[in-house]
Amino acid sequence: ILQSGSSGINAEYGGAGLCILSLLASVILGFLDIRASKILKKEASGTGESIKLSDITRFSTATWLIFAICVTYYVAIFPFISLGKLFFEQKFGLTQNEAGICNSLVYFIGAGASPIAGLLIDHYGRNVAWLLSAILITLGAYALLAFTFLTPYVAMVMMAIAYSMCASALWPMVSLVVPEYQLGTAYGMMQSIQNLGLGLVSIAAGTISAKYGYFLLALHFMAWLALSAVFILMLWVWDSANGGFLNATPARRKEMNEEEIRSALEGEEYREPLVSDNSVLDISQTFRASTARGLRSKYMGRIEGGGGDFTRSAEFHRSLAERSINLGASYQFSSNANRGLLK
């Protein structure tokens, strides 16, 4: 909100100050990351995988569905907020100040609601169900804005809560379906697709509001949300067909991780050719990510306990255990992800 006079200058100084604060925070974060790398010796625990642009061609179906959900949801939020102030003034008769407050509720409420939503999702899991609920709530908010004259504060509070739920459930899911060494590529692609969609839809939204009015604009955004709901249902079907890990509870995810490791240790699916002299164990093809401590204790426990199911040499097992430590340390995901499915 830049106006002429001293208020505009103050706003510019405020924006510049926030940018400087962000820069300082980034520098501090970089220093802490370098320090952590030295302490944890991350360089020595690499995955042996190189990062390539061609990695995007190997992303799973679930990854691309998450990208699609991201762009189709956010194009229904940010462009509306950029046009919402005038909409509230024209349809609901709000003053300029009231319209500005109503329009900013998504961000104000989201600042407090997002951590709460994150805690709930960490505790209960069910990320896909949370996503679908967020879409439906947002659709309800748009329905109130488009078809009723109920105070827009109600709809914007609903939208703010749904916005927080979606962000807390959506972004951590990437780490459940993408190996750590590809996470930067995946998040970069996700952000790129989102920005492209925002640019195109913002142009379309401006044209629709100018030529056809805000009622059709609301329907336009509802159509994007409906498409997002379709992608979420497709993701739910994919997840159900692949074990239901994304929509599982944290306790169930832990059980699935343990079952995967146990079956790999005891079953025929465990194969020595997964290990070569010049690379670490490609454990992502056999089990889900676990902690370095957990992998070490499982492998060393089998070795020191006799390991009756194994006929290979003790030297091979000990080499495998050491390699699993390195790989296990490299596949750590966010708290919300609760360590995830690598596919």
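A crossing is right-handed if the near helix is turned clockwise from the far one by less than a right angle. That is how H5 passes H7 in this predicted model.

Start with confidence. The protein chain averages a pLDDT of 78. Of its residues, 71% score at least 70. Two stretches stay under 50. One is residues 1-5, with 5 contacts beyond four places in sequence. The other is residues 268-343, for which the model has 149 such contacts.

Now return to H5 and H7. Helix H5 spans residues 105-124. Its axis lies 7 Å from that of H7, and the two helices pack at an angle of about 40 degrees. Angles under 35 degrees count as roughly parallel and 65 to 115 as roughly perpendicular. On the H5 side, the contact uses Leu105, Val106, Tyr107, Ile109, Gly110, Ala113, Ser114, Ala117, Gly118 and Ile121. They meet Tyr153, Met156, Val157, Met159, Ala160, Tyr163, Ser164, Met165, Ser168 and Ala169 in H7. The contact of H5 with H7 has 15 nonpolar residues, 5 polar ones and no charged ones.

H7 also meets helix H6. H6 covers residues 127-147, and H7 covers residues 152-170. Their axes come within 8 Å and cross at roughly 160 degrees. An angle over 145 counts as roughly antiparallel, so H6 and H7 are roughly antiparallel to each other. Their crossing is left-handed, whereas H5 passes H7 in a right-handed one. From H6, the contact draws on Asn127, Trp130, Leu131, Ser133, Ala134, Ile137, Thr138, Gly140, Ala141, Tyr142, Leu144 and Leu145. H7 supplies Pro152, Val154, Ala155, Met156, Met158, Met159, Ala162, Met165, Cys166, Ala169 and Leu170. In this contact of H6 with H7, 19 residues are nonpolar, 4 are polar and none is charged. Met156, Met159, Met165 and Ala169 of H7 take part here, and they also meet H5.

A further pair is H3 with H10. Helix H3 runs over residues 78-92, and helix H10 over residues 214-241. Their axes come within 11 Å and cross at roughly 150 degrees. H3 passes H10 in a left-handed crossing. Pro79, Phe80, Leu83, Leu86, Phe87 and Gln90 are the H3 residues involved. They meet Tyr214, Leu217 and Phe221 in H10. This contact of H3 with H10 divides into 8 nonpolar residues, 1 polar and no charged.

Arg252 forms a salt bridge with Glu255. Their closest N and O atoms are 3.3 Å apart. Both residues lie in helix H11, which spans residues 250-266. Arg252 and Glu255 sit 3 residues apart, about one turn of the helix.

Technical notes: Residues are numbered from 1 along each chain as its sequence is written. This is a predicted model: local features need pLDDT of at least 70, side-chain atom pairs count only at pLDDT 80 or more; totals for chains, interfaces and linings use all residues. Side-chain values use heavy atoms; hydrogens and water are left out. pLDDT is the predictor's confidence in each residue, from 0 to 100. Contact means heavy atoms within 4.5 Å. Axes are lines fitted to C-alpha atoms, for helices over the stretch in contact, and angles run from 0 to 180 degrees between N-to-C directions. Helices (H or I, at least four residues) and strands (E, at least two) are DSSP runs, numbered from the N terminus. Ala, Val, Leu, Ile, Met, Phe, Trp, Tyr, Cys and Pro count as nonpolar, Asp, Glu, Lys and Arg as charged, and the others, Gly among them, as polar. A salt bridge is a side-chain nitrogen of Lys or Arg within 4 Å of a carboxyl oxygen of Asp or Glu.
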